[in-house]
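I am opening a new page in my notebook. I will write down what I look up, one topic at a time.

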Amino acid sequence: MRIGFAVPVSGSWATPANMVRVAQRAEALGYHEVWTFQRLLYPQGHPMGPVYRSVHDPVVTLAYLAGVTSRVRLGVAVLNMPFSSPAMLAKQLASLQTVSGGRLDVGLGLGWLPEEFAASGVSSERRGRRGEEFVHVLRRLWSEEVVEHRGEFYELPPVHQDPKPLPSPPILLGGSAEVALRRAGRLADGWISSSREDLDRIDEKIAIVKESARAAGRDPEALRFVTRGVTRIRPSGDAGRAPLTGSFEEIRQDVAMLESRGVTDVFHDLNFDPEIGSPDADPEESMRRAEAALEALVP
């Protein structure tokens, strides 16, 4: 089981200094990965909650952290493919893979918020097919000398795109519907669960991904299964608590439970705790709690 930690990207604690503090401390303590996430827009009056109100761009954040770390891997869970072109994202991520020394993990998703599709000038219809074509083009740009593509959603004349990322970053796909799980099994290097995932039943979704990989002639045991650990530190003893909510000891037991259900990577994400990842939270208190969690949940 690989254990990671999310850096501050949402709310009042998401300052450059705090991003560096968390990333460097995670690296020093032996965490395997640090993670970010994407939220392009927050519609006025939307009920999704304060966690999404103020979020830094994940690619820029990881590029910044690449320069102040040397070992810990750098992940994003997830970038929504419809909001960028494959050529533009391929270039950005190839450069990030290069400047980080090959430490990048790329999570990709399809998006779900109508306002983000409208602002990006794309339709949300057939986004599954769009995503498959996007991954195909991305991988070709990272590996082929000359790429020519004419598809349903994207078109490339014969082009070069260099320098290539060495090695190409692993691609992990998100999504919770069965069609998305099967897509991850067929196409990706692994699957990333969402912040709303029912962790008590995550093994059922892992099984679908593995079955799809096997049917496609791929090795299901080579895939990664990454859980965004929406971690909330609370007093112990709540009989109805959700996984990864509770005392440090309870959370460590939950991590062991996830490993037994087939999860290969879990990262603790305090951004999704409204007491921490909100614009109105006390940033000093948020960092105090984050540093305590880093120490207590160390791999």
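Before anything else I note how elements get their labels: helices (H or I, at least four residues) and strands (E, at least two) are DSSP runs, numbered from the N terminus. I also note that this is a predicted model.

With the labels clear, I looked up R126. R126 sits in the loop between α4 (114-120) and α5 (127-143). Its phi is near 55 degrees, which is a positive value in a residue other than glycine.

**Entry: the barrel**

In what order do the 8 strands close into a barrel? I traced β1-β2-β3-β4-β7-β8-β9-β12, and the pairing is parallel. On average, neighbouring strands of this sheet are turned by 25 degrees against each other, direction ignored.

β2 pairs with strand β3 (residues 73-80) in the parallel sense, over 4 bridges. Which residue in β3 is the bridge partner of T36? I found V76.

**Entry: cis peptide bonds**

I stayed with β3 for a moment. V78 lies in this strand. A cis peptide bond joins A77 and V78, with omega at about 5 degrees.

I noted another cis peptide bond, between L166 and P167. Here omega is about -5 degrees. Where is P167? I placed P167 in the loop between β6 (155-159) and β7 (171-173).

**Entry: R53**

Next I went to R53. This residue is in the loop between β2 (33-36) and α2 (58-66). Which residues does R53 touch, not counting residues up to four places away in sequence? I listed Y42 and P279.

I also checked R53 against A180. They are 127 residues apart along the chain. Their C-alpha atoms are separated by 27 Å.

**Entry: α6 and α7**

I turned to helix α6 (residues 178-187) and helix α7 (residues 202-215). Their axes come within 7 Å and cross at roughly 50 degrees. Why do I call α6 oblique to α7? Angles under 35 degrees count as roughly parallel and 65 to 115 as roughly perpendicular, with over 145 as roughly antiparallel and the rest as oblique. The crossing angle is roughly 50 degrees, so α6 is oblique to α7. The crossing of α6 past α7 is right-handed.

I wrote down who meets whom. From α6 come E178, L181, R182, A184, G185 and R186. From α7 come K205, I208, V209, E211, S212 and A213. By class, this contact has 5 nonpolar, 2 polar and 5 charged residues.

**Entry: α1 and α9**

I repeated the check for helix α1 (residues 16-29) and helix α9 (residues 283-296). Their axes come within 10 Å and cross at roughly 10 degrees. Therefore α1 and α9 are roughly parallel to each other.

Which residues of α1 meet α9? I listed N18, R21, V22, R25, A26 and L29. On the α9 side I have M287, E291, L294 and E295. The contact of α1 with α9 has 5 nonpolar, 1 polar and 4 charged residues by class.

**Entry: the UniProt record**

Last, I looked at the annotation. UniProt lists residues 14-239 for "domain: Luciferase-like", in an unreviewed entry. How much of the chain over residues 14-239 is helix, and how much is strand? I noted 38% helix and 19% strand. The end C-alpha atoms of this stretch are 32 Å apart.

Conventions:
Residues are numbered from 1 along each chain as its sequence is written. This is a predicted model: local features need pLDDT of at least 70, side-chain atom pairs count only at pLDDT 80 or more; totals for chains, interfaces and linings use all residues. Side-chain values use heavy atoms; hydrogens and water are left out. Contact means heavy atoms within 4.5 Å. Two strands pair if DSSP finds at least two bridges between them. Axes are lines fitted to C-alpha atoms, for helices over the stretch in contact, and angles run from 0 to 180 degrees between N-to-C directions. A crossing is left-handed if the near helix is turned anticlockwise from the far one by less than a right angle, and right-handed if clockwise. Ala, Val, Leu, Ile, Met, Phe, Trp, Tyr, Cys and Pro count as nonpolar, Asp, Glu, Lys and Arg as charged, and the others, Gly among them, as polar. UniProt positions are given in the numbering used here, feature names are shortened, and annotations may be inferred rather than shown by experiment.
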